[in-house]
Amino acid sequence: MSEARRKAAPPPRRRKHWALRVLGWLAALFFLGIIGGVAAFFIIYQSTEIPDPNAEFKTNTTVVTWDNGSRAMGSFFDQNRHSVPMSQIPKHVQDAVIAAEDRSYWTNPGISPSGMVRAAWNIARGEQLQGGSTITQQYVKVMYLTQERTVSRKFQELFIATKLGRQEDKTKTLEGYLNTIYFGEGAYGISAAGQAYFGVSDPRQLSVPQAALLATVLNNPTLFDVNDPDPRTKKRIVERYKYVLDGMRQNGTITEAQEARYAKSLPDLSKQQKKSDRFKGPYGFLLDMARKELRARGFDEDEISGGGLKVVTTFNYEQQAKMIEAAQNELPEKRDNLHVGMAAVKPGTGELVAVYGGPDYLKSQLNWATTKARPGSSFKPFALAAALQDGRSIWDKFQGDSPIEVQGQKLNNEFNRDYGDVTLLKATEQSINTAFYDLVDNQMEDGPDKLVNVAEAVGIPKTKALENGRNQPSTVLGPDPYASAVDMAQAYATFAAEGKYAPLHTIKEVRGPDGKVLFSAERDLKKQVKQAIPVETARMVNYVLQDVVTKGTGNGAKELDRQVAGKTGTAGGVAVEDRAENKACDGCKEGSATLTSWWTGYTPELSTSVVYRAGKTGESDLDNYSDEPAFFGGSWPLQTWLAFMSKALDGVPKSEFVEPNEDDIAKGSPTPKYTPTTTAPPNTPTNTPPPNTPPSTPASTPPPNTPTSTPTKTKPTRTTTTPVITLPTGGPPQTSQPTETPKSPGRGQ
């Protein structure tokens, strides 16, 4: 080939980089996907037909059973509905609901794009198929579809809502919604809701604040339950109520001045308002706890009240009856305004088998089993476990004399008693405060922090008060409202299960109307079961807490005649009746009252906690109910516990705790923990209350572990700590919180 022809030849083609080719294909696929998605949307949209409405809007009863799944405990069906025409629903009532649920209602196409994205994201992650629904979508779910919780049902809802939003008059849809949506209290529709909450059946008579409160609760009648005494619920209601008023102002329904005036307080509720009779008596607390857990598990109010669910709880009918009997009969002779909270948990499972929250849920919704209170010395086992994990031994010695100085404060034992240097075993057995202060605050680095870690790991719920305890010298006595009877029973159940934590629950299984399992504790909570503390640590805690029973403050529990471990607890403070005087006298009554008294005891089969409180708010002096120097946990709380446990374990084969490693206990010479016997312990009458518990008549001698030089009842000077401040558990009413600042930690026992 000539030179000229070679120069005329075209240059060779350069191949595109492989990355550019891949990017091009991806872009093409992306646009094809968009085109395909749009085409699929229009095809499905055109083929979707708006079905006939559920003409009679019949709800299906949700049945709640005991743990065997066959014996009915109650139900959540309670339908009260009365439809009214839109002409009887004034604009401010309509606007209140729109401000609460769907502020773009009049302009959106029936669906919320952001809500669709959120729903798709939840579906992709396998989470609950709810949230972000427009008023139209909510109406479609109630009137045209079932409560089925599936992906197909969710997408069907979206397409029907889109079509309904384009084809039906918005006013007609809103009218249907306002007449069918559930407002709680068994009320379906705005007319029934007005009657239930305010005694006003005609929506035209509803004021703006009343309409705003109804719009508040319809979002979640359980979360915004106006009857719930928990201050956290009240706070949620107030915040949501103000959100609704703000929306009404933005929409021009009310002025800024009206918003400010209405936001000052919630409207008064009707005195006619009451819970269904099915919640009557002590069993009402169980139904309420089950309902709250269903909501926490993601079931909405429509499903709970009318979804035809079958709910199997963890509550045992026989054990519950025995607990009610003990809580209502094994009490001091003086009972007026005396409150008992009890809870029993099955170790290793997290199942709450029995609860006593009060005598009648209809008369008071304050659940004394879930209301948090000062746990006192009941917190010491968490310090014991923290010390063991920190490399301490039960034979290590600590200061038992009183007082002890910690961070500039002088802290005392009960009755200011001296014990000398004591082992950790002895300190737990006799509940010696100064030894635990020495351990946690002086000898163990970051002791309060490690104590809180253990408490939360074994089952005490994480709260602001408990978290603040990480830096407090008094945390070992748990002076602030850290725990409830349910919490303590759960935490000690973890010890009984050799350190294995299982999440607390009241719901065993939920099935839909078609029999499909929607929730199973055995299946769905399996991943949350964990080894909270080492097995050997738990075994040593069990070993030491058995000493509390055999030789210490809980010796009355020996009458159960099987291996028992447990801990007493009392917490002092200023009784609510004395707080004004205490403030005037600059703290002269600081710590003079017993505000809570505990006994939490367990066997390998069952963990049960009992707490006593007094007064309307639970902040009155318990000492007025006892003829002893103070209302100790080893007295009536233990006796009430014994009355339940002796019957609860009747016929149950005796089992024993596994002993710790011999090397860990060989340093001392501990006495045997348990000797089977068919007779009562020495010096214990067989037909009288157990030791350390007062009879119904005044005692002639002081209880064990109190100074023999105190022949008559003289109130010790007790102090509390400076406060730094809840599935099925609640919180205290606002009035039950301390109203003034105590100056120093409380006592033990």
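The legends below describe close-up views of a predicted model.

**View 1. Strand 16 and its partner, strand 17.** Strand 16, which covers residues 565–573, is largely enclosed by the rest of the structure, because 9 of its 9 residues are buried. Burial applies to both of its faces, with Ala565, Lys567, Gly569, Ala571 and Gly573 on one side and Gly566, Thr568, Thr570 and Gly572 on the other. Strand 16 runs antiparallel to strand 17 (residues 593–602), and 9 bridges join the two; within this pairing, Gly569 stands opposite Trp598 of strand 17.

View 2. Asp561 is placed in the loop between helix 22 (535–550) and strand 16, and its phi is positive, near 60°, although the residue is not a glycine. Asp561 counts as buried because its relative accessibility is 18%, where the cut-off for burial is under 20%.

**View 3. Asn416 in a loop between two strands.** Asn416, found in the loop that lies between strand 10 (409–411) and strand 11 (421–423), also is a residue other than glycine with a positive phi, here of about 60°. With a relative accessible area of 43%, Asn416 is partly exposed.

**View 4. The cis peptide bond between Ser402 and Pro403**. The bond that joins these two residues has an omega of about 5°, and Pro403 sits in the loop between strand 8 (397–399) and strand 9 (404–406). Most peptide bonds, by contrast, are trans.

**View 5. A patch of negative charge on the surface**. Glu656, Glu659, Glu662, Asp663 and Asp664 gather in this patch. Asp663, which belongs to helix 25 (residues 662–665), is exposed, with a relative accessible area of 71%.

How values were computed: Residues numbered from 1 in each chain as written. Predicted model: local features only at pLDDT ≥ 70, side-chain atom pairs only at ≥ 80, totals over all residues. Heavy atoms only, no water. Patch = residues over 30% accessible without salt bridge, like charges linked within 9 Å, V, L, I, M, F, W, Y side chains within 5 Å. Areas by Shrake-Rupley, 256 points an atom, 1.4 Å probe, with all protein chains shown as cover. Salt bridge = Lys/Arg side-chain N within 4 Å of Asp/Glu carboxyl O. Lys, Arg positive; Asp, Glu negative; His and termini not counted. Charge placed at Lys NZ, Arg CZ, Asp CG, Glu CD. Helix = DSSP H or I, 4+ residues; strand = E, 2+ residues; numbered from the N terminus. Buried < 20%, exposed > 50% of the residue type's maximum accessible area, 1.4 Å probe, protein only. Pairing = 2+ DSSP bridges.
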